[in-house]
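Here is a short walk through one protein chain. Keep the structure in view as you read.

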Amino acid sequence: MDTGCRREDTALARPMLAQGLELAEPAHYHEFAFGIGRPDGMYILRYRVEDFLDMGSTRQDFLHQLYIAPHGMLAVRHGTDFGFVGPGEAFWASRAARHEVWASGPQTVYRVCLREPPPALRDLRCGATALSAEAGEAVVTVCRDDVAQDDGLQARATIVDGVVPLPARGDTTNRSDRGPALRVARELARNPADPRSLQEWAAELHLSGRTLQRDFHRVFGTSFARRRTQFRLEAAKVLLRVDSVATVARRVGYASPSSFVVAFRTAFGQTPGSFSRDT
């Protein structure tokens with residue numbers, strides 16, 4: 001069977017990487033490559049993040065890149081623009097764009113490297129994108145040792161067709177999000193410190209608070225307030241590796257460090273200080 005390149009035969013993938021792709025250590029990673037040497041080739045790094053992943057300040061002069069965390073959050077920075085990418089999204093970095101990506105574990109992070117950009121992202125230098133369920137599933141399922149080249153390239157087509165730029169931050173009018181709770185959740189994932197209440201979000205969407213709350217329970221199985229807290233604390237786990245407890249508390253929307261410490265300890269059974277860069 002003609003299968004994709006795996007970690008043990010990565011010499012085949014190195015010509016595609018050329019220069020400048022900085023691999024993050026000590027994260028555990030595996031490599032999968034399909035169509036190396038072809039314009040429509042694809043190379044994927046799958047990181048198993050047990051504790052913390054810091055990609056550093058990275059650029060790739062020969063490849064475009066998509067970063068995907070199917071079940072977690074990524075903190076990302078490009079220039080002075082800092083934000084978060086949650087489930088159902090990806091972070092796009094076009095060729096030669098310097099950027100930074102961090103993730104807190106345990107979770108799996110995928111880095112998809114492409115010679116040719118997805119059609120919908122040709123004009124986007126760096127930024128968050130929507131990721132269709134089909135594209136996300138294709139990324140996960142193609143990272144196996146027994147995937148044939150043709151199947152990998154077919155998965156690539158699904159991936160590049162499934163990413164589109166997100167609407168500008170603060171725009172909740174995008175009807176492609178399949179419901180008001182998803183539109184609000186997408187905004188909260190990008191900016192967990194957003195102070196708007198359930199009623200304020202509902203008014204912006206021309207809904208009643210009860211309708212929006214009901215949609216949160218339908219989609220996420222929990223309330224607006226609990227889902228927002230989840231976003232804030234997952235974002236905090238990443239930021240604590242690069243900022244102080246007091247700074248992180250403010251950046252994720254808590255009025256005081258003490259209230260942040262209580263919420264964090266309730267959720268994770270540990271204080272924020274145990275995650276802090278200073279410990």
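Among contacts (heavy atoms within 4.5 Å) between residues at least 6 apart in sequence, 71% join residues at least 24 apart. This is a predicted model, where local features need pLDDT of at least 70, side-chain atom pairs count only at pLDDT 80 or more, and totals for chains, interfaces and linings use all residues. Residues are numbered from 1 along each chain as its sequence is written, and side-chain values use heavy atoms, leaving out hydrogens and water.

The chain has 279 residues, and 51% of them count as buried, meaning under 20% relative accessible area with a 1.4 Å probe, protein chains only. It holds 9 helices and 11 strands. These are DSSP runs: H or I of at least four residues for helices, E of at least two for strands, numbered from the N terminus.

Now find the sheet. It is open, with 7 strands in the order β1-β2-β9-β4-β7-β10-β11, and the pairing is antiparallel. Two strands pair if DSSP finds at least two bridges between them. At the edges stand β1 (28-34) and β11 (163-165); each has a single partner strand, so one side of each lacks a neighbour in the sheet. Inside the order, 8 bridges join β2 (residues 42-49) to β9 (residues 107-114). Arginine 48 has threonine 108 in β9 as its bridge partner.

Turn to the helices. α7 (residues 224-239) and α9 (residues 257-268) pack at about 95°, with axes 11 Å apart. That makes α7 roughly perpendicular to α9, a term for angles of 65 to 115 degrees. Leu233, Glu234, Ala236 and Lys237 in α7 meet Phe260, Ala263, Phe264, Ala267 and Phe268 in α9.

Note on methods: Buried < 20%, exposed > 50% of the residue type's maximum accessible area, 1.4 Å probe, protein only. Axes fitted to C-alpha atoms, helices over the stretch in contact; angles between N-to-C directions. Parallel < 35°, antiparallel > 145°, perpendicular 65-115°, else oblique.
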